[in-house]
Each structure stands twice: as structure tokens, then as C-alpha cells.
There are 2 protein chains.
Amino acid sequence: MKADEDKEVKVKITKRITDFSRWYLDVIAAADLADYAPVKGCMVIKPYGFSIWENIKKVLDKMFKATGHKNAYFPMFIPESFLKREAEHVEGFSPELAVVTHAGGKKLEENLVVRPTSETIIYSSFAKWIQSWRDLPLLINQWCNVVRWEMRPRLFLRTTEFLWQEGHTAHATHEEAQAEVKSMLEIYRDFVENYLAIPVVVGKKSGSAKFAGALETSTIEGLMQDKKALQCGTSHDLGQNFAKVFGVKFLDKAGSEQYVWQTSWGMSTRLIGALIMVHGDDKGIIMPPRIAPTCLAIIPIWKNDEEKAKTIEAANSLAQTIFDFPFVIDDRDLRPAWRYYEWERKGVPLRVEVGPRDVENNQVVLVRRDTGEKITISQDDFATRITEILEAIQHNLYDRAKQFCKENTHDVENWDDFKKIIDQQGGFIRAEWCGLAECEAEIKEATKATIRCIPFEDQGKRGICAHCGKPAQHRVYFAQSY
Amino acid sequence: MKADEDKEVKVKITKRITDFSRWYLDVIAAADLADYAPVKGCMVIKPYGFSIWENIKKVLDKMFKATGHKNAYFPMFIPESFLKREAEHVEGFSPELAVVTHAGGKKLEENLVVRPTSETIIYSSFAKWIQSWRDLPLLINQWCNVVRWEMRPRLFLRTTEFLWQEGHTAHATHEEAQAEVKSMLEIYRDFVENYLAIPVVVGKKSGSAKFAGALETSTIEGLMQDKKALQCGTSHDLGQNFAKVFGVKFLDKAGSEQYVWQTSWGMSTRLIGALIMVHGDDKGIIMPPRIAPTCLAIIPIWKNDEEKAKTIEAANSLAQTIFDFPFVIDDRDLRPAWRYYEWERKGVPLRVEVGPRDVENNQVVLVRRDTGEKITISQDDFATRITEILEAIQHNLYDRAKQFCKENTHDVENWDDFKKIIDQQGGFIRAEWCGLAECEAEIKEATKATIRCIPFEDQGKRGICAHCGKPAQHRVYFAQSY
């Protein structure tokens, strides 16, 4: 008897090719990751979705601490006047603010803004914490929720409230601050490529896309399966802009007063959206082993009570040889296929099938989530083989995403090709650009494509701008994006 | 030359006996734990203070997960109408709410409340998640920030915004829910007594002090060195109050529709305030080893470069034998005494002094933060001895707090003694109580003491109420409190 057969509900997932947006929402529901909340634009992150975020946090937090950063916590409420001190900053964030006007039963004397980002409130503390060059560099990180009012919400990608980390540092020189900007971007690239298995292009944002209040913004950009780009993390050179308005000063070694040089950098729950859109397929999401909440779903298969006892026992002894990977033994009274589907939807990288004949033959069947490949192995080799295969899955996910990115990156030399390729193929367009904001705006107007980044590495000789024909300043990445 | 001598600033700490409140703020500043923020009632948790919270989170999170609870994340904004659905709940929290009235540049159609606690927003999700008895029990926890507008803020103890965890569970029967309430209170007691080394009394709250919307609230209460009580954690039996207003229903095994039985439970950054007030002394805070961000401060001592090289080398080799405890090697160019003071203020449980003569004699000097005792040991015994001594410190901190609590718990049989003892001695008063809210209110009015808890364990025979003389219902703990 299958006691839980009423739980065997067929979950319908739209095909990616039919409607990518619908597919995205379907796999989020099918994998039980998140749901829209009754508050407009907000999401509920369900336990399985949240466990992915916990893994992201754990790895990143370790990387930040290993590079000398310390966590702290600053208030969520920012006095409106603080936000207004840096002109570009308030202009950039004003349209997205949620404002507390009443509290404790009274109208407030000064409105409080719910942090959209914390530069202003944190740097008012930095001004108190920093006195001398000995207090520098100051390397702080904060894990928290932020709010940016969202007109077109999309789970994980754009929600009114989201979770993130924001790093905030202060340095004695611009060179040191610039080195920090680069080194944090490199940590982001390392994490996104080597843990999330998402290849990225790295570079600077153009002036029109930089963070409001920064001198310069660096970014890592991934390419989703619908050939749109997604900004995965940014690292900002804030110069002395905030230091000057918040009076963050230090006495240098010579005893003279200087403003500090600052950086900030952040990544968010949006990364979960990237994981879904880069690796997912028509069966559900696919989790790279290094970040997967569950790496192995061990599924005993039986037809009668004797077989049930025997296969569950075998599953348990296999499990005892697993040290490095989170696993689940799914011995629920559901037909095997239904149990397979559930872990498939949730993207568990490796399924382990243990049937009665496998027990007899001292073997198990492994099924790779990324390729569907079935591999029969001896139980004696279990620990070694799963380690190898999970590593192979990690690399395969990266390699095929990299291949996809390569195939969908087009070098374009003139405006006709630019329009045609954006229109018919999408993906990254690498083209020469004159460096002028007006030209960039015209390109966006005509194609919805924006400059995703100006690569740090020189992309070859300068010719003429693919759009306006003026002398080119950079060879840059364009794409439509989220 | 002592290059950093200008950092050797004498930190002044008011004595506890002179002014406990002032002492509390002084040690928070001296240990660099937190600071008031520019937003009224809010605090900035500085890196060292936050690292204590990180340790608290790590241990508790493991305990919650080991008992089957899963983390999730729900929106911080709650529609005002949600809060109003449970009458007692909204009445209890209304005076403390912060309200978002404008967002995205417009007045909102419905005001949003910043969560003071999340029962209402979470249970609107539970109503969607739960269909059948198979979905129960549902065991969810959330780590987040909450806001309760605070008129008399006090760092860690009462701040407008604070960090906490809130557990929310749903069960098929009242018995199961009641068992959950007890088992989470027991986890809290275990954690607070065995990690924070704070002895507590456990029991029920009286009707006037229970959580707004609960059937019953259980609590753990500690006694601070100023002989005031502090509520350290609470666990609520919510009955079906919220289930009924949010429609959280399930089909039972017989196929009939039932409302779930719910619990919620929470602990917060207030625990850091408890740590300070229970263990701290006139030199600073004292951290119990099991929760200390740094267990050992290893301090090389030298008079010349040769000695410096030798003692730092010895410190480094000692450090390599430490596996279980976080440590710091403080080899800054500051006089030893100034380095001692800093780690003393920060409550590091064990100081390790390594001077040139110690190196010669293959010994080190350990100094206990809790007793000041100096212990000279052979370097060969280092790993073993520090393990023993840190364990001894953990127990000593608990034992002396327990002794303090015992000495300051007074059994009182009549109203004259009650008033005299509260007035002259403070501490816990254990007395008979009639069970009437009016009587409890009169006692509070006259003495500022409230019922901290009605112990689960029977405290002996019933006589008459110590205040009004009517027949007693319970023997309860009274105290003035935070």
C-alpha cells in the first residue's frame, strides 16, 4: 500500500522554449523555493530556498572573514536628512524608498527611510570610529534585509525586500581603496564561478550605470539561458564622496587631517535567481554540488516488506560512508518515480537508487541530475565514486554554462549587425563604443540593450563606435538584461 | 620605542556599586560592543558585540535544526489589516509600531507595519502551506530584525530595532503544541545555563504578562547583579487563536477539517545584555568560554628585539597546539599592561603571558579573567591545561551566578516583609499569591515588583496571598525587572 499516494501530485512545469518567464516561476514553485507574499513586491523564502541562501552566506562569510572583514549591524532606519547629504545618492534611490512617517502612535519629527543600502547610516558611525591612520583600513560587512520599492517584482531577481550582504570599507589612500574594490570583485567572481558554477564577465560599469554616489562601479555579469544578462554582484569605488559629506577623517602619519577613501560591495538573494536561470532545465532546478543543500538523494526501492527492510538497511549503511556531502534517505511510502521527480525538481545533483537486486549484487545505481546518465557502481566504491562524480557535475555545469556563454557572445562591428543579432539571437554583443552617454542611451532606446560592462582586460584595438561611428574608447559588452 | 603609545588611553569604568546603570554603559563602551545610533532608540552593534551574537546564533541554530526546525524568511512589512485580525495581539503591539505610509514616491493604499513579531504574516503563509495532517507538525524558525518603538531605550535590553529569532510551529493537537512549548523552553534553559552560564528560574507568566494573543506564555528569568530580574526567552502556547483568524486548517486522518494548534518562541540580542549584567565586574565584561569570540589572549612580553622575536615565536608555537578555542596573539607594540587591560575589558576568559624567562624555562603564565588567579604551567601541558581551566571558568561563572541568585532569593510570607525586602535588598521574592490580576497590579504599584514566573515545579503547600491575605493559588517569583 502506498499511504502517501495522494501526495503524488503531478507538478506541471512550462517548457523553457515555450515561455521562459513562466518556466522560471514554475520551477520556483516546483522546487518549493519561494512564493509571493501578501505584501506587494515582497517574497516569502521557503525552507528549501532559504537553505540555499544559508549555504551562500556560509561560504561568502568565510571568504570575507579570511580577508580581514568583520561583521557588524547598523540600524535599518535612516533619517531622511542623512540620505539627502550625498546629492547623487539621494537622486538615485529616492524613487524606490519606503518611508516610516509614524511610530509609537505619533507622527515623527523626521521621516525615517527603510535602508535601500546603508552607506549613509554606516558612514555616520565610521566618522566616530576613525581617528588616526592606525584605525585604517576599516573593513566591515553586514548581512541584512534592504528595501527598494519595486514596480515589476520578480521572485529573487527584483523584490521590494531582499536579503544581501553589504561590505563597507575605509582606507588611507585611493590606491588601497581601488585594490579593495578589485579584490572583493575577485572574491565575487571566484565564488560565483567556482561555487555557483556560473561563468561571468567582469569589468567596469559605464557612467550611466554606476552606483549612485560612486566614482566607479565594477561588476560581474552572467548570461541566463534566455540570453539576457544578469548583474550578479557589484563593487564600488566611492572615492571621498561620502567621506566628505559625513566627515570621515583621519590624522595621517604626518599628523595632518585627511578624508578616507571608501568602497562598498554587495551580493544578494538575486544569486538564487541566477542559479535557477543558468542551470535549470525543463524538469526543475539543478544545484551545483558545492552549494547544494542536498547533494545526494538515496532512494530505496521495494515491492514488499522484506525488500523494504533490506533496501533501507543498505541505504543506511551507504549513508554512513558519506562524510563530506549533505544527503537525504527518502524512504517514504511513495512510488519510486514520484520520489525521483521530487528530488529532480529540487535539483539534487545525484540520485542513488538502491533496489533489491542492487543489494544482492552489492551495487547501486547513480543517476546524474545534469546529464541523466545512469552509472552502476559497486557499493565498495561508493564514497570514492560519489566524490568523483559530484566534482564532475560541478565542472560540467560550469563548462556547459561557459560554452553557452561563448556561443552567445557575438563580436559585432556595425550597427546593422548589432540590431540584427540583438533582435534575432540575443546574448552578449561585444562591440566598440565611443564612450558617450548619449550614444549609449540611443542604443538602449533602439534595442533595450545596455552596456553590461567595460572589461578590465583590453579587448583588442580601437576602431569606431558600432553605433555612431565616432572613434571608439572601449570594446564593451552589451546585452538585454534583468 | 612604543609606537602605539598614544593608543594607551585609560578607559574609565564606573564601579558597579556606585551606579550600576552607568557601569553597564561604561563596560559596553570599554569592551567596544555597541553604541547608540543617530536614530532614536536604535543601536549600532559593533564587530566585537556582533561576534558574540554570531556565536549565540550558531549554537542556537544548531539546537533548533537538531530538533527538526527549518529556517525560512518572511517579509518585514505586515499589512495593518493583518495585525488587526487578532484583537489581543493588535492591542498589545499597537503602541510600539513603526508604520510605513509612503513608498515609491506615493501614499500607500494600506499602511504597512514594520514587524514587531511575525505571527500574522507567517500564519497567512501557513494557511497556504498546510492542507493535511501529513503537513504537520510544521516547525519553522526565522532569524531577523524586529521593531518595537521604545521610549526608554537601553543598549541590548530595550532598543527600537533588535535582532532575534522567532520560532513558529503548527501541530495537530493541543498536547503536541504544549510539548513543543516546553521543549523549546528547555532548549532555551539549556542554552542560557550551559553556554551563557546564567542560571534561570523557569515557569509560566501570569495572565497580565503573557504574550498578546497567546493562551499561555512560559519564560526563563535570570537575576542580574543589581538584583533585578531579566526575561531571557519566552515560549508561547498560542492555542488556536491565530489559526482561527488566519484560517490555518488541516484535514485530520478521519478526513474532517480542524484548526491547527500553534506555538511561537523567541530570544534576542537582549541576551548580550544579560551576559554583561550577570558576569561583568568593575574591570569590564567576562565572557563564558563556550560563547566567547576569543577564549585566549596570548601576550608575548619583551624589552628588546631579541626578546621580541623569541617570545613571539613561542606564542606562535603555543598557538599551533590550540584546536578547539578561538585565540588571538597580541604582539602589538604596546606595553604589556595596556594589552592586558584591553582583553580584560573585553572579557577574554584566559590570558597567556609569554615573557623571555618563560621561554627559557619552557613555561607560560595563565591568568584567569574570572578570579584573577595566576597559574604557571609547563608549555608541554599547554593544550591540556587550557582545556581544563577554560572548563573550570565556565563552571565557576555559572556557580557563582547561581550562588548569587540563591543568596538573593527570599521566601516571604507577609506583606510587611515583602515591602521591606524589595525595598532594602531586591532580588527574587518567592511568595504565595492569590492568582488575581488586581492584587498583582497593587503589588506592582506599591513595589514596582511584578510576577516573573509561576514555577512549573510545585513550590510547597498553599497558604494565603502575601499581599491580600486571600487563599493562595501559587507560590510565585516576584522581582523588579528590566
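This is a predicted model: local features need pLDDT of at least 70, side-chain atom pairs count only at pLDDT 80 or more; totals for chains, interfaces and linings use all residues.
Next, the contact between the chains. Chain A gives 42 residues and chain B gives 42 residues. On the side of chain A that touches chain B, the elements giving two or more residues include α2 (47-66), β6 (106-114), α5 (119-129) and β8 (161-171). The largest share, six residues, comes from β5(A). By type, this side of chain A holds 26 nonpolar, eight polar and eight charged residues.

Zoom in on β5(A) and β5(B), residues 98-103 of chain B. The two strands pair in the antiparallel sense over five bridges. Which residue of β5(B) stands opposite A:Val100? Select B:Val100.

Stay on A:Val100 and display its contacts. Beyond four places away in sequence, A:Val100 touches A:Phe77, A:Leu108, A:Asn111, A:Leu112 and A:Val114 in chain A. Across in chain B, A:Val100 touches B:Ala98, B:Val99, B:Val100 and B:Val114.

Then colour the largest nonpolar core, 285 residues. A:Val100, A:Leu196, B:Val100 and B:Leu196 touch the most other members.

Finally, zoom out to chain A and colour domain 1 (20-279), domain 2 (296-390) and domain 3 (411-479). The C-alpha centres of domain 2 and domain 3 of chain A are 50 Å apart.

Notes:
Residues are numbered from 1 along each chain as its sequence is written. Chains are lettered from A and ligands numbered from 1 in the order in which they are written. A nonpolar core is a set of buried Ala, Val, Leu, Ile, Met, Phe, Trp, Tyr and Cys residues joined through C-beta atoms within 7 Å. A residue is buried if 20 or more other C-beta atoms lie within 10 Å of its own, exposed if 12 or fewer, and partly exposed in between; C-beta atoms are placed from the backbone. Two residues are in contact if their C-beta atoms, placed from the backbone, lie within 7 Å. Domain bounds come from an automatic or database domain assignment. Helices (H or I, at least four residues) and strands (E, at least two) are DSSP runs, numbered from the N terminus. Ala, Val, Leu, Ile, Met, Phe, Trp, Tyr, Cys and Pro count as nonpolar, Asp, Glu, Lys and Arg as charged, and the others, Gly among them, as polar. Two strands pair if DSSP finds at least two bridges between them.
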